[in-house]
Amino acid sequence: MGAGVTAAEKNAASGTGHAPALEARSLTLSWDGQTTVVDRISLAVAAGEVVCLVGRSGCGKTTILHALSGLTRPLSGQVLLHGEDITGTPGHVSYMLQKDLLLPSRRIIDNVCLPMLLAGVPRAEARAKAEPLFERFGLAGTEEKWPAELSGGMRQRAAFMRTYLMGADVTLLDEPFSALDAITRVEVRRWFCDMARELGLSALVITHDVDEAVSMASRVYVLAGRPSEGEPSHIAGEVRVDHGTGKGDFALTPEFLAAKREVLALLG
Ligand SMILES: Nc1ncnc2c1ncn2[C@@H]1O[C@H](COP(=O)(O)OP(=O)(O)OP(=O)(O)O)[C@@H](O)[C@H]1O
C-alpha cells in the first residue's frame, strides 16, 4: 500500500510492460496558487481498467479530474496519456459530469451528436456515426425523443453515449450515478461496467460511495485530507478488489466485504 509513483506504475501496468492508459505523477493542485488542495498524488489506470477514486466531500476529487482532463494546470507534476505528456492540455480524454447535462431543448440524437458538431463534424456525418450505437446502448427508439421523455437511467446512458462519441479511449466520470435512485443506480453502474469492458474503455470514476467504488473497480484509490482546514489531501492507499468469477451478486461476497473494510479503514 502507499502513494508512491512506483506502486501506481507497477499496479497499473500489471506486468504487461505497457505504459498505463492514464497516469498522474506526483500532482500538486491548487485553485488559487496558494492553498494546496492535493499534495503529490500519483495514480494510474491501465488500458481497459475501471478504477475508482473515493474520498469524503471536499477532499479534492473533482479538482483532480479537472487536472487529469487538462482543464487546469497542476502546480507541479505530470499527466500522461499512454506515456505522452498531456499536462494542462484539454481534449485528450472524455469527461462525464455529475449530472447528465443533456440539453432539454434538443432531441436525444442531437444531444449525443453535440461534441462532434462542436468539433466541426457535419451534422449528417455525426448522425450516421451515432445512430448505430442507439441499439448497443439500449436506447433504440429514443433518437427523436426529448430528454424529459426518458427515465433517469436512460438519460444517463445517453450521456455516456455522448461521452463515448467524443472518441477518446480514456474516460473520467465525476459521480456519474449520484442523481439516480438506489435501484436504477445499481442497474446503471452494472450496465456501465459491462459496456466499458465491451468497448475496451479505460475509466476513472470518482465517487464518495464506498459500495459503488468496490462494486465497480478492479482497484480503488482512497483520497484523504481536509484541504479546507489546511490539510491537503493525499492518496492514503490503494485497494485491489478481487471480483472472483463475476457471477452472482458480488455485494454479498466475502471479497466485497473485505475490500470495503479496507477502503473504510483508509478513509479513517
Ligand atoms: N473553482 C474553485 N475555486 C476555488 N476553490 C475551489 C473550486 N472548486 C473547489 N474548490 C475547493 O477545493 C476543495 C476541493 O474541492 P473538490 O470539489 O475538488 O472536492 P470533491 O472531493 O470533489 O468534493 P465533492 O465530493 O463534494 O464534490 C474544496 O475545499 C473546495 O472548496
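These notebook entries record what I looked up in the predicted model shown above.

**Ground rules.** I numbered residues from 1 along each chain, as its sequence is written. Because the model is predicted, I kept local features only at pLDDT of at least 70 and side-chain atom pairs only at pLDDT 80 or more, while totals for chains, interfaces and linings use all residues.

**Confidence.** I began with pLDDT, the predictor's confidence in each residue, from 0 to 100. The protein has a mean pLDDT of 89, and 93% of its residues reach 70 or more. Residues 1–15 have a pLDDT below 50. I noted 29 contacts of this stretch in the model, beyond near neighbours in sequence; two residues are in contact if their C-beta atoms, placed from the backbone, lie within 7 Å. For the complex, the predictor gives an ipTM of 0.95 and a pTM of 0.88.

**Domains.** I took the domain bounds from an automatic or database domain assignment. Domain 1 covers 19–93 + 172–249 + 256–267, and domain 2 covers 99–167. Their centres, taken over C-alpha atoms, are separated by 25 Å. I found nine residues of domain 1 in contact with six residues of domain 2. The side of domain 1 that touches domain 2 has seven nonpolar, one polar and one charged residues. In these classes, Ala, Val, Leu, Ile, Met, Phe, Trp, Tyr, Cys and Pro count as nonpolar, Asp, Glu, Lys and Arg as charged, and the others, Gly among them, as polar.

**Strands.** I next followed strand β1 (residues 22–30), treating two strands as paired if DSSP finds at least two bridges between them. β1 pairs in the antiparallel sense with strand β2 (residues 36–45) over six bridges, and Leu29 has Val38 in β2 as its bridge partner. The two strands form a hairpin with five residues between them. In the turn, Gly33 has a positive phi of about 80 degrees. β1 also pairs in the antiparallel sense with strand β4 (residues 76–81), over five bridges; there Leu22 stands opposite Leu81.

Arg40, in strand β2, has a positive phi of about 45 degrees although it is not a glycine. I recorded Arg40 as buried because it has 21 C-beta neighbours inside 10 Å; the cut-offs are 20 or more for buried, 12 or fewer for exposed, and partly exposed in between, with C-beta atoms placed from the backbone. Glu175 lies in the loop between β7 (170–174) and α7, and its phi is near 45 degrees, also positive. Glu175 counts as partly exposed because it has 19 C-beta neighbours inside 10 Å.

**Ala196.** Is Ala196 buried or exposed? Ala196 is buried, since 21 other C-beta atoms lie within 10 Å. Leaving aside neighbours within four places in sequence, Ala196 is in contact with Val50, Leu201 and Ala203. The C-alpha atoms of Ala196 and Thr171 are separated by 9.5 Å, the two residues being 25 residues apart along the chain.

Notes
Helices (H or I, at least four residues) and strands (E, at least two) are DSSP runs, numbered from the N terminus.
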